[in-house]
Amino acid sequence: MRELLKKIYDPEEFRKTGHALVDILADYLADSRDSNIPVMDWKEPEEQLEQWKKVSNDDISPDSLFKKVIADAIHIHQPNYMGHQVCPPAPTGALAEFLGALLNNGMAIYEMGPSATAIEKISVDLMCEKVGYGHDSDGFLTSGGTLANVTGLLAARQWFMAHNPEIPFSKMAVMLSSEAHYSVERALRIMGFSESGIIKVPVTDSYKIDTSALERIYQKAVDDGTVIIALAGNAPSTSTGIYDDLEALACFCVKKNIWFHVDAAHGGGAVFSEKYKHLLNGIDHADSVVIDAHKMMMTPALTTFLLFKNRQSSYVTFSQKAEYLMKKANADEWHNSAQRTMECTKIMLGLRFWTILKLHGEEAFEAYVTTLYDLGREMADEIKKRDKFELAVYPDSNIVCFRLNDGKQDEDKLDMQTDNIRRSILEKGDFYVVQTNVGGSKYLRVTLMNPLTNIANVRALLDDIEVFYSGI
């Protein structure tokens, strides 16, 4: 048994296998860049499962195994990938992830991950500065927007209950956009909010939260005996990529003395873009902000910033005792992660982001966001030129919703057509797009995540869809 373990941990075996993997991945990057491989090789779920059962039972070399995984994966570095909100990671970020995976330093307390803890603090301080927070701000990294939204909204509830101990939880409610990401409502459900405690505000024709309705909806809640404790804004919404008017939402929250939470998971990276950072005007007034680095900052998933305007707020959610980790909660102990995060063992999240920042500079994030947001507008303009297409809303960001619509079909047939087009694209494998519901109807949804995607790729996608239409 010891001989087997020695072989598993042998440095020379690792060197040989690691060099081979890097060569394979470099070839993958080149093939993706040059579109020498499809975005995906579509298989039905059962077929995929049976294939991997066979691989599990066969003898296979490391090289062959790595190549097989790549072949059956979604190739998000391929310029025709226009699907979900997951970035093609910068290779330097992936190498940092490789380093972090082998070192495997947990971060519940400082002594378990000293370098990672310092790197995370530097990264968080930068993001607090970029959103416009002052010196009293703080935050941390966590594993995804869902965890971050839960933690931020728990902090909002703790803050409210500390100031209003006489009000029972059953009376409390949170306001959010009807276009809010499902993770926000899921967070509230996890926290125990009932249907009456989740108050959805309608959106305008442009899919921004309707700020003119806030006062009316708030007052109705008060009249019903409900106490609003927080308001959540989108920056932007996930379905349409439209940013809420954060300045107006901030003013409303100040007026009502309620917590302002901003889900900027997708679009918070715009703080780095001189051209598009105005979309986040007002975010500096938010009490808590969620930003995914694995969306618009080229960082491997999952890497999510949860920022607090007041550093004390970052400690209230999980104030509890764990003698073997911490003597007591201390709001100055930024270096003991387990006091503030859902995770106890937390991987070296900041290393991925900070490595990209250190090796490429903030300019890399600006170039990434600006390039892709510009392309979103270019795509919308191209769609508007084609009379068989309908744009759901002109984009704020790199999310574009559209459908084929010649004006001759009812909504049911249009929905069915959209389903069929999406299925056709998946099975063909040359492109990858998703679909969403906008205003009660189905639309194809493109998220332009690859900075090597250009308007020629977009036109090729639209041409493909028109070919589908000609075959109906």
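Strands E9 and E11 run antiparallel and are joined by four bridges. The model in which they occur is a predicted one. E9 and E11 belong to an open sheet of four strands, ordered E8-E9-E11-E10, with antiparallel pairing.

- From one strand to the next, the twist averages 45°.
- Helix H15 (residues 411-428) packs on this sheet, where it touches strand E9 (399-404), E10 and E11. The direction of H15 makes about 30° with that of E11.
- Five bridges link E10 to strand E11 (residues 441-447), and the pairing is in the antiparallel sense.
- Within E11, Arg445 is the bridge partner of Val434, and Arg445 is also the bridge partner of Cys401.
- Tyr443 in E11 is the bridge partner of Thr436.
- E10 and E11 form a hairpin in which two residues lie between the strands. Gly439, in the turn, has a positive phi of about 60°.
- Strand E11 is mostly covered, with six of its seven residues buried.

**Helices H9 and H10**

- Helix H9 (residues 214-223) and helix H10 (residues 246-256) have axes that come within 12 Å and cross at roughly 30°.
- The crossing of these two helices is right-handed.
- On the H9 side the contact involves Leu214, Glu215 and Tyr218, which meet Leu249, Phe252, Lys255 and Lys256 in H10.
- Sorted by class, the residues of this contact are four nonpolar, three charged and no polar.

**Cysteines**

- A disulfide is a covalent bond between the sulfur atoms of two cysteines.
- Zero disulfides are found when the whole structure is searched.
- The cut-off for a disulfide is a pair of cysteine sulfur atoms within 2.5 Å.
- Cys251 counts as exposed because its relative accessibility is 54%.

- Leu246 is found in helix H10.
- Is Leu246 buried or exposed? With a relative accessibility of 1%, Leu246 counts as buried.
- Leaving aside residues up to four places away in sequence, Leu246 touches Asn234, Ala235, Phe260, Val262, Leu279, Leu280, Asn281, Gly282 and Ile283.
- One of these contacts, Ile283, is 37 residues from Leu246 in sequence, and the two are 6.1 Å apart in space, C-alpha to C-alpha.

- Most residues other than glycine have a negative phi, and most peptide bonds are trans.
- Pro236 is located in the loop between strand E4 (227-234) and H10.
- A cis peptide bond also runs from Ala301 to Leu302, with omega near -5°. Leu302 is placed in the loop between helix H11 (293-296) and strand E7 (304-308).
- The loop between H11 and E7 also holds Met298. Although Met298 is not a glycine, its phi is positive, at about 60°.
- Met298 counts as buried because its relative accessibility is 13%, and the cut-off for buried is under 20%.
- Ser35 is not a glycine either, yet it has a positive phi of about 55°. Ser35 lies in the loop between helix H2 (11-33) and helix H3 (45-57).

Terms used:
Residues are numbered from 1 along each chain as its sequence is written. This is a predicted model: local features need pLDDT of at least 70, side-chain atom pairs count only at pLDDT 80 or more; totals for chains, interfaces and linings use all residues. Side-chain values use heavy atoms; hydrogens and water are left out. Axes are lines fitted to C-alpha atoms, for helices over the stretch in contact, and angles run from 0 to 180 degrees between N-to-C directions. A crossing is left-handed if the near helix is turned anticlockwise from the far one by less than a right angle, and right-handed if clockwise. Contact means heavy atoms within 4.5 Å. Ala, Val, Leu, Ile, Met, Phe, Trp, Tyr, Cys and Pro count as nonpolar, Asp, Glu, Lys and Arg as charged, and the others, Gly among them, as polar. Two strands pair if DSSP finds at least two bridges between them. Buried means under 20% relative accessible area, exposed over 50%, partly exposed in between (1.4 Å probe, protein chains only).
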